[in-house]
Number of protein chains: 2
Amino acid sequence: MTGDTDFRRELGQQLRVDSIRSSDAAGSGHPTSSMSAADLLAVLIDGHLKLDFGRPDDPRNDHLIFSKGHASPLYYSVLKAAGAISDDELLTFRKLGSRLEGHPTPILPWVDVATGSLGQGLPIGVGVALAARLERMPSRVWILCGDSEMAEGSIWEAVEHAGKQSLANLTAVIDVNRLGQTGETMHGWDLNSYGARAEAAGWTTIEIDGHDLQEIEDAYNAAEAGDRPTMIVARTKKGKGAKEVEDLPGKHGKPLADPAAAIAELGGERDLRVDVAKPEGDATPYTFEVPGGEMPTWEKGEKVATRKAYGEALAALGNRRGDIVALDGEVSNSTHAEDFKNAHPDRFVEMYIAEQQMVAAAVGFQVRRHYKPFASTFAAFLSRAYDFIRMAAISRADIALCGSHAGVSIGEDGPSQMALEDLASLRAVHGSTVLYPSDATSTAALVELMADAEGIVYMRTTRGATPVLYDAGEEFQVGGSKTVLDGDDVTIVGAGITLHEALAAAERLASEGISARVIDLYSVKPIDADALVRAAKETGAIVTVEDHWKEGGIGEAVLAALAEHGASAAVRVLAVEEMPGSATPTELLRAAEIDAEAIYAAATEIAQTKVES
Amino acid sequence: MTGDTDFRRELGQQLRVDSIRSSDAAGSGHPTSSMSAADLLAVLIDGHLKLDFGRPDDPRNDHLIFSKGHASPLYYSVLKAAGAISDDELLTFRKLGSRLEGHPTPILPWVDVATGSLGQGLPIGVGVALAARLERMPSRVWILCGDSEMAEGSIWEAVEHAGKQSLANLTAVIDVNRLGQTGETMHGWDLNSYGARAEAAGWTTIEIDGHDLQEIEDAYNAAEAGDRPTMIVARTKKGKGAKEVEDLPGKHGKPLADPAAAIAELGGERDLRVDVAKPEGDATPYTFEVPGGEMPTWEKGEKVATRKAYGEALAALGNRRGDIVALDGEVSNSTHAEDFKNAHPDRFVEMYIAEQQMVAAAVGFQVRRHYKPFASTFAAFLSRAYDFIRMAAISRADIALCGSHAGVSIGEDGPSQMALEDLASLRAVHGSTVLYPSDATSTAALVELMADAEGIVYMRTTRGATPVLYDAGEEFQVGGSKTVLDGDDVTIVGAGITLHEALAAAERLASEGISARVIDLYSVKPIDADALVRAAKETGAIVTVEDHWKEGGIGEAVLAALAEHGASAAVRVLAVEEMPGSATPTELLRAAEIDAEAIYAAATEIAQTKVES
């Protein structure tokens with residue numbers, strides 16, 4: 001019977017048995033890390049979690065995120081107990097084509113985000129809790145954390161943010177089973193080592209025996225009644241209930257040697273079903289009223305930094321759409337996200353200097369599908385959150401990221417502030433879109449497209465002001481490019497700051513009788529292969545130029561597009577090759593040989609070579 | 001007079017004035033973030049810091065790391081006061097060719113590491129302190145942190161590790177000036193919000209008025225006498241001493257509007273010099289005695305995972321060289337760093353699941369140039385530390401990184417554990433080396449080369465066992481490749497797991513009369529352009545195949561090398577294009593179309609196209 005201690009005890013044993021069974025069928029997996037948390041989950045799903053498994057998209061639902069994603073056998077056993085999957089499907093764990101992957105992914109409709117890279121579930125949960133609160137919905141966010149992952153700094157970013165925001169709708173359950181992959185964790189069973197730090201950050205912390213059903217029940221009741229985020233620090237035993245593995249080192253991440261004996265020890269197989277509580281009431285997510293209005297426009301030739309255009313466009317988009325939210329890493333006056341913040345303070349979240357938490361919160365926001373998050377910081381500092389971006393792609397998350405201050409053209413601040421690897425690293429994210437506008441008009445148009453794009457959409461903006469190239473109303477598309485100048489002797493492909501250098505070079509080339517085609521590659525991924533192949537055929541020589549390291553950026557993207565289409569041309573890649581220092585933007589573009597003069601020289605040489613060959 | 005309160009007060013004012021002057025000369029910079037910490041530095045350099053500026057490589061020296069790298073005007077003012085640079089050089093701040101970059105870099109001999117990406121100085125300092133302790137040297141590590149950067153999780157990884165390790169030689173001074181870039185920090189002047197958390201992690205924390213010279217003096221004395229790491233949490237005022245900016249928002253990161261007035265307010269220019277204390281005693285760094293021994297060898301055809309070969313080779317190298325240290329992110333039984341740990345427990349540091357701190361500690365170890373750090377985790381999880389790796393390159397750090405479990409070939413664990421972007425992201429690190437061996441023999445040879453390589457050297461290893469291809473004693477080099485099979489109809493370029501698929505494909509091609517050349521591209525960066533250009537010329541058709549996303553990996557590296565040398569060939573890039581799930585390695589290689597069958601098909605097609613054209 002639901003809520004009954006005997007039932008819960010039996011349910012916990014079933015979750016253990018099923019974790020052992022599925023891992024045994026798979027020949028791999030993490031049964032022992034599942035068994036430690038089985039009682040915590042049994043009590044949670046039998047009386048606390050409010051989730052309609054038949055309607056996973058119901059916005060009133062609670063969220064259950066396994067931050068310790070390797071405890072997937074437990075998660076899938078919970079799904080079976082909740083009647084969401086069959087026992088047959090449970091035993092497809094880790095097999096080709098199964099929805100039950102080694103670590104949970106949103107291929108399963110009840111999984112909000114992919115986990116398995118530790119220390120991500122809690123920070124993402126902070127984002128989900130922020131979204132639910134903004135929606136004025138009763139949804140509670142339950143996060144199961146492992147104790148090993150508490151060593152990740154991202155966990156403590158989350159703890160700090162949840163505390164600062166008083167996220168009473170967030171409960172973290174820490175499964176302190178003491179044993180990591182190779183040995184004991186840093187703190188063993190010292191529950192207070194976790195609790196004291198959370199307490200210092202404004203959480204309520206409750207230390208319990210994670211196998212005592214009443215203590216678990218009391219802790220959940222307290223969490224539900226509390227007005228602050230709650231951390232339940234539970235002392236548990238890894239592999240609890242089976243002598244072969246209980247509380248023993250060396251038993252991480254593998255099936256049991258004698259599953260039959262362990263299952264017998266646990267009382268055999270069961271086939272209990274839990275009526276997981278459904279959310280009550282008829283709340284619907286709050287939608288911000290918006291006044292509408294036009295997107296900003298600029299006069300051709302006007303000098304505007306694309307980062308400024310980003311801010312203005314995002315603020316205007318916020319007037320047109322109530323679903324836009326923005327997050328920034330305490331540099332909103334540099335990224336110009338402050339324009340949005342000033343216009344829509346209720347939909348702006350200050351993430352301070354915690355880029356991992358910022359991206360995680362963006363992922364959390366989109367989990368509930370009611371808001372579209374735009375997150376911004378210096379492009380260089382998105383590298384701090386690279387693992388979160390990687391995992392966001394596995395989560396099939398739709399988020400917009402903006403990185404300002406790209407490349408040597410930022411000038412005096414020096415290399416620590418210069419993104420020179422962002423195009424490469426963001427291109428190498430599954431399904432990503434990489435945009436790099438050269439002027440304000442295209443920036444605004446692309447910001448609008450970002451709001452409806454799928455997957456990880458990244459925009460790189462430029463610090464310095466550049467002239468507006470396009471008339472208001474000009475159309476841009478993901479995967480498109482613009483031939484800014486036509487020509488047939490040589491093609492110059494640039495984007496962002498280098499497009500303006502390319503145009504200056506083309507002017508000088510023209511004065512010497514060399515007709516250069518200039519392509520604005522504002523969509524670096526997907527790339528406009530048609531335009532590039534046509535340019536290769538029609539001009540036979542291409543110079544690419546980028547304010548980025550040579551590896552993985554625009555040059556290689558162009559080469560890959562040409563190779564894929566069997567097009568050949570002489571291609572010269574201009575990119576940053578030496579470590580820059582501090583100087584003016586002009587001096588640094590010159591030193592890196594990605595300015596008009598360098599482009600002119602390369603184009604002249606390559607056009608000449610073409611004539612000779 | 002040294003140690004005198006009046007002198008220190010005057011010195012603090014000089015540091016402020018000089019910070020204002022250099023920023024004014026540069027037209028940019030962070031004087032206000034410098035002024036808040038001026039008194040903290042005045043007392044530090046006049047009586048506490050032990051650093052012989054004339055002998056920056058003296059291993060007895062203390063270390064002074066500005067984790068808040070944007071306070072570079074203060075750092076450079078300190079250098080001037082210490083007589084290390086002239087006033088003329090001070091005024092070259094942020095100018096082309098100056099050593100005084102916007103944020104400090106090791107172009108200056110007294111700078112240990114580049115900072116400017118916040119939250120890195122303290123974790124690196126943990127590494128420096130660990131190294132100094134291992135060397136049994138008295139060097140103390142002083143870190144100046146800003147309060148804004150305390151929001152970075154990496155800071156708390158460092159706090160936890162320093163506490164766990166009881167690093168009494170580490171002192172963090174937190175300049176709590178309350179104001180970040182855009183507004184107040186999360187905790188304002190709530191000093192205890194920082195102190196309580198550090199205390200919970202085993203630190204001694206001391207809260208002081210950061211402008212009270214006696215309180216500063218007492219705090220430093222306590223830190224020096226303590227047996228735990230000490231966090232001095234100092235309440236300060238941003239822009240202290242100048243009405244135009246003191247404790248005012250909106251004054252971050254720009255020169256003063258009226259520097260003359262501020263300088264007058266601060267008592268005018270001074271030209272004080274401090275005799276910074278030199279280290280005493282004649283301690284020399286402890287060197288581990290080693291027994292010597294051979295590197296491991298394997299029989300051709302024997303099946304050995306390259307991750308296992310990495311562990312064995314590293315352990316053997318540890319027998320031959322006392323300077324090798326290893327760090328691992330709590331997965332040493334997966335990366336096989338455990339072989340080193342078991343053989344050389346004194347030189348192994350368990351970094352738990354804190355990849356940022358792991359890489360930071362590796363950077364810290366190499367600061368002192370006495371040990372060569374090898375840091376390992378799953379290749380996917382190095383993405384967690386990407387910003388640290390990026391900054392390590394700016395630090396001109398020499399570190400070896402090893403990432404195991406690359407690509408879909410890991411099998412059942414699923415995409416969260418599969419590195420599919422590591423080649424792209426690590427290639428896009430300045431001066432990096434990217435190695436990807438296919439067998440045990442080459443792995444061991446490359447591990448030996450890694451120990452003497454400069455810059456960031458990354459090795460990608462494979463989870464599953466693969467046959468040994470090379471005889472013991474075969475030579476390998478950074479930037480080299482091996483033509484494993486000769487042929488003239490088509491070239492197949494693989495590395496790691498795909499090389500074995502390439503060989504299987506070549507066998508099938510041979511049986512059908514197509515002669516395939518197979519190249520082992522074990523050095524992905526630098527790349528063996530000669531061999532690739534030769535292959536392009538001699539076979540006219542190239543298939544590249546990699547267990548990695550299509551962007552930025554082996555395919556694009558090959559295309560870039562060919563383009564750079566003006567070589568043309570039909571190139572077909574095989575790489576992972578769809579999000580993988582969980583299944584066996586064989587099934588996943590097949591599904592991704594990077595197995596022998598896919599290579600065979602692509603090679604047949606491309607060879608055919610070549611014949612037709």
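Predicted model: local features only at pLDDT ≥ 70, side-chain atom pairs only at ≥ 80, totals over all residues.
**Exercise 1. Find which residues of chain A are linked by ring pairs into a cluster.**

Solution. Follow the ring pairs and you get a cluster made of A:Phe66, A:Tyr75, A:Tyr76 and A:Phe93. Now zoom out: over all chains, the structure holds 23 aromatic pairs.

**Exercise 2. Work out whether the rings of A:Phe53 and A:Trp110 are stacked, tilted or edge-to-face, and say which parts of chain A they tie together.**

Solution. Step one is the distance: the ring centres sit 6.2 Å apart, and the cut-off for a pair is 6.5 Å. Step two is the angle. The planes of A:Phe53 and A:Trp110 meet at 50 degrees, so call this pair tilted; stacked would need planes under 30 degrees apart, and edge-to-face over 60.

Step three is location. A:Phe53 belongs to the loop between helix H3 (38-45) and strand S1 (63-66), while A:Trp110 belongs to the loop between helix H5 (87-90) and helix H6 (121-134). The pair therefore ties together parts of chain A that are 57 residues apart in sequence.

**Exercise 3. Describe the contact between chain B and chain A: how many residues, how much buried area, and which residues of chain B lose the most?**

Solution. Count residues to begin with: chain B gives 93 and chain A gives 93. Next comes area. About 7600 Å² is buried between the two chains, with carbon and sulfur atoms giving 52% of that. On the chain B side, B:Glu160, B:Met186 and B:Arg384 lose the most area to chain A, together 11% of what that side buries.

**Exercise 4. Sort out the polar side of this interface, and the make-up of chain B's face.**

Solution. Begin with charges: there are 12 salt bridges between chain B and chain A. One of them joins B:Arg197 to A:Glu160, with the closest N and O atoms 3.2 Å apart. Polar contacts come next, with 45 residue pairs across the interface. Elements giving two or more residues to chain B's side include helix H7 (153-164), helix H8 (191-200) and helix H20 (554-564) of chain B. Finally, sort the residues on that side: 32 nonpolar, 32 polar and 29 charged.

Key:
Residues numbered from 1 in each chain as written. Chains lettered and ligands numbered in written order. Heavy atoms only, no water. Contact = heavy atoms within 4.5 Å. Buried area = accessible area lost by both parts, 1.4 Å probe. Salt bridge = Lys/Arg side-chain N within 4 Å of Asp/Glu carboxyl O. Polar contact = N/O pair within 3.5 Å; in protein donor to acceptor, adjacent residues only side chain to side chain. Helix = DSSP H or I, 4+ residues; strand = E, 2+ residues; numbered from the N terminus. Nonpolar A, V, L, I, M, F, W, Y, C, P; charged D, E, K, R; others polar. Phe/Tyr/Trp six-rings, centres within 6.5 Å; stacked < 30°, edge-to-face > 60°.
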